[in-house]
Every structure is written in C-alpha cells, then in structure tokens.
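Visitor: I have a model on the screen and would like to learn how to read it. Please go through it feature by feature.

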Amino acid sequence: MELVEAIILAVLAASTPLLIAATGELVTERSGVLNLGVEGMMIVGAACGFAGAWLTGSIFIGALFGIVAGTLMSLVFALMALGLAVNQVATGLALTILGVGLSGLIGAGFVGERITPAMHLYIPSLTDMPLIGRVLFGEDAFVYFSIALVIGVWWFLYRTRAGLILRACGDNHVSAHALGYPVLRIRTFAVMFGGACAGLAGAYLPLAYTPFFIPGMTAGRGWIALALVVFSSWRPGRLVVGAYLFGAVTILQLHAQGWGVGIPSQFMSALPYLATVIVLVLLSRARTGGSTAPAALGTVFVPDR
Amino acid sequence: MLDQTSNDLHSGEPPLLQTIGLTKRYGDFLANDSISIEIQPKQIHALLGENGAGKSTLVKAIYGLIQPSAGEIRWRGQPIVLSGPSEARSRGIGMVFQHFSLFDNLTVAENVALGLDGKESFKDMSARLEQVSKTYGLPLDPRREVWQLSVGERQRIEIVRALMQDPKFLILDEPTAVLTPQEADQLFIVLERLKAEGRAILYISHKLEEVKRLCDTATILRGGKKVDTCNPRLETAASLARMMVGGEIKEVKAPAGRKTTVPRLVVNDLSLAPSEAHGVRLEHISFELKGGEILGIAGVAGNGQDELFAALSGERLSNDPGTVVIEGIAAGHLSITQRRKLGAAFVPEERLGHGTAPRMKLSENALLTGHAASGMVHHGFIDTAATLKTVDRATETFDVRKAKRDPEAASLSGGNLQKFIVGREILRNPAVLVVSQPTWGVDAGAAAVIRQALLDLATAGAAVLVTSQDLDELAEIADRIAVMFHGRLSAPLATSEATREKLGLLMGGSSLEPKEAEHAVGA
C-alpha cells in the first residue's frame, strides 16, 4: 500500500516538469513555430531558479527567476527565428547548446549549496486519508499549478478568440497575414509563453524535486517534452495523459532496476521516444483527412510590406 | 480641385473610392507607377492586365495590406491612410482573395470569425452566417472543416465572410479562375444583386468575355502603369487583349498535314488510392491517345489531375504494369527514368520545385530530365558542353529571355521558365508528351509560343496529353476533350462538339445523359 502511494507520488513529481514544459511548447507549436530549444531553456531556468531561491530564500521568487530566464532565452530564439527568419531547427538546437553552457556558468557558484524545497500542501484529515490523501491533497504548488495551466491553455485555444487567431497562424500564416493579423507578433508571444513554461519547468527541478543544483540536471527532460507534444498530437487533453505516462515510465524504470528485472535500463529510458514513434505511426495510419500537426509548423514567414 | 473626367451620373458626388497617383516601389522595381482610378457606387469595375501588370499590388494597397510608396487613396472624397486590412474592413472595403485566405484545419464558422472584428459572440456570428448565406443563396455548413470542401464551396466561404461585414466596396481577385461555367453563372447572379443593392465591385479577371458581360467600366494596367479606361461592352475581346498586351498576339495555327497514327499512350482501367490526406482516388481511368493527336483534360482543380499526372509520369507506380502503356510497352510499374527512355516526356504544373530545381542552373535542370536519353552523361560523368548546348537550343527555338547564358531557374520570369521547360522536353523529340497547365500564369505572348509548340509537336507525330483548367486553351489546341471529376475521367468529346455547357456539366459532376440529373444543387 505505502509502496503504491510512494510510486504515485514519485510519478506525479517526475511528470510535472514534463507537463509544464510540454504545455508551453504546445502553444508555441500551435502558432506554427518549432522551438527545439526546450532543453536549453529548461536548464537555464533551473540554474536561475536555484540562484533566485538561494539568494532570497523564497521558492516563489526562485520560480519567478526561472520564468524570466526561460522567457529571455526564448526571446533570443524569437529574435533569430522570427525577426531574422533563420531556420528554426538550427536556431532551436543552437539555443539548447547555449543553454547548457550558460547554466553551467550561472550555476557554478551554487553547486553543493542546498535550499529548503517547496512546501507540500497539508490539510488535516484530508491529507491523512490513506492512499489518495497525499496524492490529491499533499502536493506542492507546482503540481496543482501544472494542472491549472493545461486547463487554462485548453480553454484559451478552443474557447477564446485570441486562441483561434493563434491556431490560425499555425495553420496558414499567409492567410492570417492577408486577413490583417500580426503573425510575427503573435508568434513571438507564443514563443515567449513556451520559454516561460520551460523556465518554470526547469526551476521546478532544484526547487521541488531535489533541493540542490547540479549542472545538466534536466537530463534530457526538454527532449521528452518535445516528444510529448507530438505524442499528444498537439492536443492539451492528451498531453496530460502522455506526461503522466512518460513520468510513470521513468519511475518504473528506477523501480525495475531496484527489483532486479532483467531489462536493461537504457531500454526503459528509450521507451518514451519509442512510444512517440509508435503513436506517430498509428496517427498517420488512422488519419482520414486534415492534418494533425499545425500545417505551418516550422516554416519561415516573411511578410511583404 | 481634381478634374472629373468621367462623365458619370454621380457628378457633384465624389467617387466611392479613388486612388490618385498611387505608386508602389520595391527596390528599383515600380510595381505600381502613379495609378489613378475612380470607382463609383453601383458599379462593377474591371481591372485588367497580364501577370505582373500590377493588379494585385494595387488591390493590396487599397485593402491596406501594403503601404503605397507615394500617392493617396480617397474614400468618399476624403484622403485615408489604411494601417491594415482590419481598418479597410471597418470602413466598408471587403476582399475575396484569388488564393483563398482560408484555414484548412478550421471550421467554416471559425474561418468566417477570423475575417470579422470579433465584436459579436461566436454564437451570434454563427446565426448571422447562416442567415447571410441563405439570403444570398450561398449554402454553407458552418461546422465542417475547410479541407473537406470543394473549391466552389471554399469560395462561398470567402464571399460570405466578406458580405457579413456589409461592405460598400468589394474586391474580387480572379473569382472564376477555379469555377465551372455554371458555378461562375451563379456567382454573377450574386454580383448583380450586390450591385443592385448599391455596392461597388472591383473585379479582377483575365477572362475577357466574362468582363464584357458583367462589368460597366474597365481599367487596363500594363507594366505597372494605367494604360486605358474603357467601357468593356463597347470593346471586343480582341481589342481588350490588345490593350493588355500592348500589341498583337500571334495567332496559334494548327499546321496542315496532321495525321493520327498508332496508339502511343494507352491507359487501361487505372485506379489508384490517394497518397496524401487531401488527395483524390483515381477510379477506372481509360483512354487511348494516338500519335499526331492532342487530348485535352478539363476539370476544376483538385479533381484528380495531379494524381493522374503522377501515375502517368511514374512519380507513383501502379501494381498492374498494363494500366499505363507507352509505345506499346506496359509501363505502369516502370520508374520515371525508364518511362523517359521509352520516349515519354513530362511537364508538371508547378514550374519551381517540381518542373525545375529553383536554385540550380538551367543547364543542370536540363540534365536532370535529360540524363537518361539525351547523351549528356558519359560513363557517369556529366558532359557540361552538351548540357549548355541544350540550354542554348531551347533558348533559341523557344525565345527564352534571360539575363545570362546559364542563370538559376528561379531567376527567370514565369513565362520564360515555362518556355524553357517545355522546350527542354520537346527538344528530346518525345513520342509522348504529358503536360499539365502549360500556360498557367504565363503572359499571352509566351502562351501563344507554347501552344504553337504543342501543335507542332503533334504534327511531327507525337501524342500530346494536355491538362488545363482554361477551356479556351483546350478548344484552341485539343482534338478531343475529356473531363475529370472526383477522380473519374469522362469519355472524350470531339472538340467541335464540346460546348461550354456540356463541359461545364461534366466539370460539375453531371452526366450528359438526357434524363434529369438527380444531384442536389449546392449540397
């Protein structure tokens, strides 16, 4: 019983950064921009988030530092890929390399330091319920926020006019421009939102997951978030399922090693990517028409004035 | 202040819309050179000109999509500066784009909402959408996604979207280019009604008969300048064409002594599943094309013409070799190169990216289709001199105008590049030529050269298959015309019997049987 609860709690904790980062990237890609720099924005968010929390003693300010750092990183991307119309794939990869280096520089002085991690909710009697108590009522603020974030993004995309315009930019930027929508400005905001989410997701790691900073601590989570967006076929609802599934695989892999199951850990680590490939194949076979990916994804747009 | 040259009935009242000396400069290039036009209420005003004459630039400036470099736009006598299309729309200027500004993966209602200012709720807007579409006889289902709709339906969305803003002035850019003759007739009824309601329309088209029938005034542009204003009803199609081109167009003549010989391209019961999400399934296509003959394939774009081209050229292979027979040899399973070696040549619709590699030189592009059968490769090495010679021969024979001897394909104008591509294939002396939209977006002079070349090739004994949406073009060069609809090919009609009405019915999916067709109109 307690083991099950512990596993569920661990899965939630492992899934939350994936969910936050992937939600941001989903909005970015829905506007038609492919930002492969999620890993880089996350790791800089982690370094700055830890620095902020260590200097001020506040987890909240640490999270803000992470958000601002991720947004600034995404602005570098926006300047290159949108402002100067540079190839988005190359720019995104460069952003990740930049982020890894930058985070090492920023975080060098903080390696070995510790902070008090984010507090968990505690409601007497509710949180004490067996099995589900701590899962539902004993999480940290990041977990609850990530759920609210996905619901908010779903509502924004499908229930607001601004969301409709954003989806329109991702479907056909030429038409959106012809109708008078500022495609590049809208995309810049979408990229910034993606950066803010990636920064927050990165900051979650040293602020709540482990109370210290080590270089490279995102350990490929940015890439999993990117795969998740594809796995979800760009829909927020499926993103939640995918994030917890991927989180569960990560945790089960650790437990499987502990239990001495004879599957190489490398194979388990590769599972999320394998799952993404299988989903892509299934999607393209099941498709009757229309496109699942935003039609303008990753294409350069230069308006003529 | 300004001399009112037109002897209009609205004297004293300023024109609804006026441009004065409107100029748009891109670097050294003058897209619009001091253009002044006047549009009155209750007027359908044609804007005529060849590709590159500056029509699109002018209407983009009027719709606020681009800012003029000089000159001004007056709306009801007042000078205005349009910051963007939304401002143009709020003043009462609407536009229906040639290449529809629609979003394939969004619903009809969402597409319409994107063209409005968003002040009303989505529910109210949907209700009004149904009402407007009913009022004007333009039926639409607001919940369907655009990719599921036909071209005619897509245009309805554009028109309804424009009408929902209650525009005083509506710009239509080549609205009938993709419609069947019957669909075009229905559009004209709507336009006449809009005119009767007191709205003005700026109508861009190069179908001159249409302009004569519909328009009250015509402004003609050539090379970015306004060359004339006239009443198109008092002109002939030929005189309008002369004003557009600025000279006589060489007439295309079928050379004497053309005989049909043996079947050179035979298609037997060809069926093929679509390769893409939005593709068309080819169903039981059969025809026989003899040497010395030109077969035209008409039809609204997107009815399987692209898929048929891919199946004939070998871009897509058939499991049954006997479905495509070239020069008596079953070729359905053969690759593009193998089919070229049998004597076939192919000219696809898209010039840049399909017909040529845009950033490669003409000589390299000549090599790409000619390597199999034209002696430009020896033991795997390219004979550069031979490739250049091919370019020179195509240049000379087909009057290709270019800045250098061997420029990049993308640097040529549409007409000159098309002359090069057609020339490149014809110089290989093909037994079978399959050509798709040979004169799409090509100026009238180059179009005449290309059509003449196709006729000459048939006279020399080749079998020529031409796919085109331009019925006049097919009437001019084809011996027989068949129509594609939803992946099926009708039985060919002799060109002398293929009236616009008959072709129009086939293009709309009706059969030519005398009994009443039971298809639902506009459903």
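Guide: Begin with overall size. A compact globule of 523 residues would have a radius of gyration near 24 Å, and chain B, at 25 Å, agrees with that. The radius is taken over C-alpha atoms, and the globule rule is 2.2 Å times the number of residues to the power 0.38. Along the principal axes, the C-alpha atoms of chain B fill a box of roughly 75 × 55 × 40 Å.

Visitor: What should I know about the model and its numbering?

Guide: This is a predicted model, in which local features need pLDDT of at least 70 and side-chain atom pairs count only at pLDDT 80 or more, while totals for chains, interfaces and linings use all residues. Residues are numbered from 1 along each chain as its sequence is written, and chains are lettered from A and ligands numbered from 1 in the order in which they are written.

Visitor: How many helices and strands does chain B have?

Guide: Helices (H or I, at least four residues) and strands (E, at least two) are DSSP runs, numbered from the N terminus. Chain B has 16 helices and 23 strands. Chain A, by contrast, has 12 helices and zero strands. The radius of gyration of chain A is 19 Å, close to the 19 Å from the globule rule for 305 residues, so chain A is as compact as a globular protein of that length.

Visitor: What share of chain B is buried?

Guide: A residue is buried if 20 or more other C-beta atoms lie within 10 Å of its own, exposed if 12 or fewer, and partly exposed in between, with C-beta atoms placed from the backbone. Of the 523 residues in chain B, 46% are buried. For chain A, 46% of the 305 residues count as buried.

Visitor: Which domains make up chain B?

Guide: Domain bounds come from an automatic or database domain assignment. In chain B they give domain 1 (2-92 + 167-245) and domain 2 (263-522). The centres of these two domains of chain B, taken over C-alpha atoms, are separated by 35 Å. Contact means that the C-beta atoms of two residues, placed from the backbone, lie within 7 Å. Eight residues of domain 1 of chain B are in contact with 11 residues of domain 2 of chain B. On the domain 1 side, α6 (181-196) and α8 (237-245) of chain B give two or more residues.

Visitor: How many residues do the two chains bring to their contact?

Guide: Chain B has 23 residues in contact with 18 residues of chain A. On the side of chain B, α3(B) gives the largest share, three residues. By class, that side has 11 nonpolar, nine polar and three charged residues. Here Ala, Val, Leu, Ile, Met, Phe, Trp, Tyr, Cys and Pro count as nonpolar, Asp, Glu, Lys and Arg as charged, and the others, Gly among them, as polar.

Visitor: How is a pair of packed helices described?

Guide: By the angle between their axes and the distance between the axes. In chain B, helix α11 (residues 362-370) and helix α12 (residues 384-398) pack at an angle of about 100°, with their axes 8 Å apart. Axes are lines fitted to C-alpha atoms, for helices over the stretch in contact, and angles run from 0 to 180 degrees between N-to-C directions. α11(B) and α12(B) are therefore roughly perpendicular to each other; that term covers 65 to 115 degrees. The residues of α11(B) that meet α12(B) include B:L362 and B:A366.

Conventions:
Parallel < 35°, antiparallel > 145°, perpendicular 65-115°, else oblique.
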